[in-house]
Amino acid sequence: PSCTGCVELGLVSLFVILLALRIAGETTMSYWLVFTPLYIGFGIMCAFPCLCKTNEYDDWDDNLETCAGAWAIIVPLLVQSILLCVHLEDRPMRVAVLLIPMWIVAIVSCLGACVAVLDDDDEWFPITFTWCVVVGLFFVFELLLTLHYDSDWGSIGEAFVPLIMWFCISVIGGCVLG
C-alpha cells in the first residue's frame, strides 16, 4: 500500500506541475495530456483495492465493498476531470455542469455515512457528523462558486467562506484528535 501511495503522490505532483506550467503559459500542451497523470492515478486507485488482499485472513467480500466504495468516489471525480478538460479545451460550459459529479459524491457519501451510523453502534456518530459537516461545507462552497460564475452573484471571496470554515474545523480537529 505504501508503494501505491508513493506512486499516487508522484502522479498528483506531476499533474500539478504540468497544470501550473500550462496555466502560466510556459507550455502549450493539450489539457488532455496535462490531466493524463491524474487519469492514471484514478485507474490505480480503482484497481488496487479490487485486486489486493491485505493478508490471508481477509475476506474477498470485504475487498468488493472497498472496491465499490473506491469506484463510487473515483468515477465521479474522473467524470468531473473529463468535463473540466472539455471546458478548458475551448468548449466552455456552465460551472454547474462541471460540479454535478462532485455534488453526487457529496450526497452519496453523506447518505452512506448516515446509513453506516444507523447500522453500527454510537461510537461512529462524532466522526460521521464531522464528515457530513465537512462535505456540507464543500457543497456550499461549490454552490456559491457556481452562483458566482454562472450568474454573477456575490464576490469570489464570499464563495470561499465555507472553505475557510472547513480549514478551521480541520485544524481544530487535528489539534484535538491529533
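Start the tour with the charged side chains: a search of the whole structure turns up one salt bridge. Keep in mind as you click around that this is a predicted model.

**Stop 1: the salt bridge**

Select Asp150 and Arg94. These two residues form the salt bridge, and their closest N and O atoms are 3.9 Å apart. The pair ties together distant parts of the chain, with Asp150 in helix H5 and Arg94 in the loop between H3 and H4, 56 residues apart. In general, side chains of opposite charge can pair when their charged atoms come close. Is Arg94 buried or exposed? Arg94 counts as exposed, because its relative accessibility is 51% and the cut-off is over 50%.

**Stop 2: the whole fold**

Now zoom out and switch to a cartoon view. Of the 178 residues in the protein, 27% are buried. The accessible surface comes to about 11400 Å², and carbon and sulfur atoms account for 74% of that area. Among contacts between residues at least 6 apart in sequence, 48% join residues at least 24 apart.

Next, colour by confidence. The mean pLDDT is 75, and 71% of the residues reach 70 or more. Which helix has the lowest confidence, and which the highest? Helix H7 (residues 161–177) is lowest with a mean of 71, while H1 is highest at 81. Where pLDDT is low, the predicted coordinates should not be read in detail.

**Stop 3: the largest nonpolar core**

Select Phe15, Leu18, Tyr31, Val34, Phe35, Leu38, Phe42, Ile74 and Cys85, and show their side chains. These nine residues make up the largest nonpolar core. Helices H1 (2–24), H2 (31–51) and H3 (60–88) each contribute at least two residues to this core. Which helix gives the largest share? H2 does, with five residues. As a rule, in soluble globular proteins nonpolar side chains tend to be buried together.

Stay here and centre on Val34. Apart from its neighbours within four places in sequence, Val34 is in contact with Phe15, Leu18, Leu19, Arg22 and Met29. There is also a second, separate core of five residues, including Ala106, Cys110, Ala113 and Cys132.

**Stop 4: Leu84**

Go to helix H3 and pick Leu84. Leu84 is partly exposed, at a relative accessible area of 30%. Beyond residues up to four places away in sequence, Leu84 touches Phe35 and Leu98.

**Stop 5**

Together Val97, Ile100, Ile104 and Val108 make a nonpolar surface patch of about 310 Å². Val108 lies in helix H4 (residues 95–119) and is partly exposed, with 47% relative accessible area.

**Stop 6: His148**

Finish in helix H5 (residues 125–151), where you will find His148. Why does His148 count as buried? Its relative accessibility is 17%, so His148 falls under the 20% cut-off. Show the residues around His148: leaving out those up to four places away in sequence, this histidine touches Trp153, Gly154, Ser155 and Ile156.

Technical notes:
Residues are numbered from 1 along each chain as its sequence is written. This is a predicted model: local features need pLDDT of at least 70, side-chain atom pairs count only at pLDDT 80 or more; totals for chains, interfaces and linings use all residues. Side-chain values use heavy atoms; hydrogens and water are left out. Patches are made of residues with over 30% relative accessible area and no salt bridge: like charges are joined within 9 Å, nonpolar side chains (Val, Leu, Ile, Met, Phe, Trp, Tyr) within 5 Å. Accessible areas come from the Shrake-Rupley method with a 1.4 Å probe; for residues, only the protein chains shown count as cover. A salt bridge is a side-chain nitrogen of Lys or Arg within 4 Å of a carboxyl oxygen of Asp or Glu. Helices (H or I, at least four residues) and strands (E, at least two) are DSSP runs, numbered from the N terminus. Buried means under 20% relative accessible area, exposed over 50%, partly exposed in between (1.4 Å probe, protein chains only). A nonpolar core is a set of buried Ala, Val, Leu, Ile, Met, Phe, Trp, Tyr and Cys residues joined through side-chain atoms within 4.5 Å. Contact means heavy atoms within 4.5 Å. pLDDT is the predictor's confidence in each residue, from 0 to 100.
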